[in-house]
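Here is a short briefing on one protein model. Keep the sequence and the 3D view open as you read.

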Amino acid sequence: PDIYSYNSVLNSWAKSMKWEAVDRAEKILAFMEKAYADGRLDFQPNTVSYTAIIDTYAKSTKKNSAEMAKKILSRMETLYMSGMNPSAKPNTHTMNTVIDAYAKCHEPHKAVKAYEIFCHMNKMRNSGNTEFVPNVFTYTTVLNACAFSFRAEEKEEAFGIALKVFQDLKANPFVQPTHLTYGTLIKAINNLLPRGDERR
């Protein structure tokens with residue numbers, strides 16, 4: 001087996017939605033990292049490998065899954081920036097998958113944390129890194145994290161983030177919203193704004 005075989009297995013675990021998927025995927029990645037450290041270059045984990053692990057966390061119902069996804073992202077950035085693994089460079093899809101993990105989780109302040117990843121992408125893009133350009137999925141997924149922020153004390157903050165993200169999208173000439181984007185914005189408005197007499 002080679003890197004492509006292992007990546008296929010990792011992606012299969014991500015799509016399986018099984019309770020043990022995270023543990024099995026992490027063990028495979030640990031094996032790949034050790035083999036690479038021992039000089040087996042054909043086992044070098046790459047962007048696809050780490051993004052598959054993040055996607056496994058995004059689809060997991062385990063506690064703190066989004067925070068674990070964020071830790072994998074931080075690990076990728078460290079490995080790439082340090083030169084320990086030049087193939088571990090995150091990209092837009094990686095970032096989107098971390099945002100998706102926050103959107104699907106039940107952790108506090110999920111909208112804020114999704115927005116932080118979005119801002120990090122914009123910062124990297126503005127510094128000339130074309131690997132981190134937000135796309136329509138980025139915007140829509142941050143809106144989704146906002147729309148499903150159900151804690152009462154977080155709703156006002158989440159709605160403010162949704163407005164900022166949508167305004168940024170409207171000002172971006174390279175990204176066009178889809179019907180899903182508009183639908184998610186409407187969900188955010190319905191879920192986050194007070195209803196009827198509560199607005200008065």
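This is a predicted model: local features need pLDDT of at least 70, side-chain atom pairs count only at pLDDT 80 or more; totals for chains, interfaces and linings use all residues.

A search of the whole structure finds one cavity of 30 Å³ or more. The count of aromatic pairs comes to seven. Met17 and His109 each get a closer look for their backbone angles, with a positive phi of about 65° for Met17 and about 60° for His109.

**The cavity**

- The largest cavity holds about 30 Å³ of space.
- Helix H1 (3-16) and helix H2 (21-37) are the elements that give two or more residues to its lining.
- Its lining residues are Trp13, Ala14, Met17, Lys18, Ala21, Val22, Thr56, Lys59 and Ser60.
- By class, the lining has five nonpolar, two polar and two charged residues.

**Aromatic pairs**

- Seven aromatic pairs are found in the model.
- One of them joins Tyr6 and Phe31, with 5.8 Å from centre to centre and 35° between the planes, and this pair is tilted.
- That pair links distant parts of the chain: Tyr6 sits in helix H1 and Phe31 in helix H2, 25 residues apart.
- Is Tyr6 buried or exposed? Tyr6 counts as buried, because its relative accessibility is 17% and the cut-off for buried is under 20%.
- Phe31 is partly exposed, with a relative accessible area of 43%.
- Phe148 and Phe150 form a pair with ring centres 5.7 Å apart. Their planes meet at 80°, so the pair is edge-to-face; that class needs an angle over 60 degrees.
- Phe148 is partly exposed, at a relative accessible area of 29%.
- Phe150 counts as exposed, at 53% relative accessibility.
- Which residues do ring pairs link into a cluster? The cluster is made of Tyr6, Phe31 and Phe43.

**A charge over a ring**

- Lys62 lies over the face of Trp19.
- The distance from the Trp19 ring centre is 5.0 Å.

**Backbone: positive phi**

- Most residues other than glycine have a negative phi.
- Met17 has a positive phi of about 65°, although it is not a glycine.
- Where does Met17 lie? Met17 is in the loop between H1 and H2.
- Met17 is exposed, because its relative accessible area is 55% and exposed means over 50%.
- His109 is not a glycine either, and its phi is positive at about 60°.
- His109 is placed in the loop between helix H5 (92-104) and helix H6 (110-126).
- His109 counts as partly exposed, at 38% relative accessibility.

**Val175 in its loop**

- Val175 is placed in the loop between helix H8 (155-171) and helix H9 (179-192).
- Is Val175 buried or exposed? Val175 counts as buried, because its relative accessibility is 8% and buried means under 20%.
- Leaving aside residues up to four places away in sequence, Val175 touches Pro134, Asn135, Val136, Tyr139 and Leu169.
- Val175 and Met17 are 158 residues apart in sequence. In space, their C-alpha atoms are 31 Å apart.

Terms used:
Residues are numbered from 1 along each chain as its sequence is written. Side-chain values use heavy atoms; hydrogens and water are left out. Helices (H or I, at least four residues) and strands (E, at least two) are DSSP runs, numbered from the N terminus. Buried means under 20% relative accessible area, exposed over 50%, partly exposed in between (1.4 Å probe, protein chains only). Contact means heavy atoms within 4.5 Å. On a 1 Å grid over the protein atoms alone, a cavity is a set of points where a 1.4 Å probe fits but cannot get out, and a pocket is an open set with protein on both sides within 12 Å along at least five of seven lines; lining residues have an atom within 4 Å of a point. Grid points are joined across faces, edges and corners, and a volume is the space filled by probe spheres set on the points. Ala, Val, Leu, Ile, Met, Phe, Trp, Tyr, Cys and Pro count as nonpolar, Asp, Glu, Lys and Arg as charged, and the others, Gly among them, as polar. Rings of Phe, Tyr and Trp (its six-membered ring) pair if their centres lie within 6.5 Å; planes under 30 degrees apart count as stacked, over 60 as edge-to-face and the rest as tilted. A charge sits over a ring if NZ of Lys or CZ of Arg is within 6 Å of the ring centre and within 35 degrees of the ring normal.
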